[in-house]
Amino acid sequence: FMAERGIDLAGQVSKGLDAVAEGEPWDWIVTMGCGDACPAVPARNRVDWDLPDPKSMGDDGFRDVRDRIERDVAALVEEATR
């Protein structure tokens, strides 16, 4: 589905929080619907996008979640660069 947007994920691997959460606070942390179960990661700004998990959705549902993330990222970049 990401290839439909020209994004190749073939060489990417998932990283745990231990690999990215050390050091100074992050400028932005975006959580995606984990509510109170979200891990505590230091950040100057936080936003929660209450997204449904697409793992049990059909192709169209997965694309809908992907497209929402794309729109939300664009809006966040605009807000963060003001």
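A pocket is an open set of points on a 1 Å grid over the protein atoms alone, with protein on both sides within 12 Å along at least five of seven lines. The largest pocket in this predicted model has a volume of about 600 Å³, the space filled by probe spheres set on the points. The pocket is lined by 15 residues, each with an atom within 4 Å of a point. Closest to the pocket centre are K15, L17, V20, V30 and M32. Strand β1 gives the largest share of the lining, five residues. Both α1 (17-20) and β1 (26-31) supply at least two lining residues.

The model is predicted, and local features need pLDDT of at least 70, side-chain atom pairs 80 or more, while totals for chains, interfaces and linings use all residues. Residues are numbered from 1 along each chain, and side-chain values use heavy atoms, without hydrogens and water.

The protein has two helices and two strands, in the order α-β-β-α. Helices (H or I, at least four residues) and strands (E, at least two) are DSSP runs. The C-alpha trace spans about 35 × 30 × 30 Å along its principal axes.

Of the 82 residues, 13% are buried (under 20% relative accessible area, 1.4 Å probe). The accessible surface comes to about 6,400 Å² (Shrake-Rupley method, 1.4 Å probe). Carbon and sulfur atoms hold 52% of this surface. Among contacts (heavy atoms within 4.5 Å) between residues at least 6 apart in sequence, 28% join residues at least 24 apart.

How values were computed: Buried means under 20% relative accessible area, exposed over 50%, partly exposed in between (1.4 Å probe, protein chains only). On a 1 Å grid over the protein atoms alone, a cavity is a set of points where a 1.4 Å probe fits but cannot get out, and a pocket is an open set with protein on both sides within 12 Å along at least five of seven lines; lining residues have an atom within 4 Å of a point.
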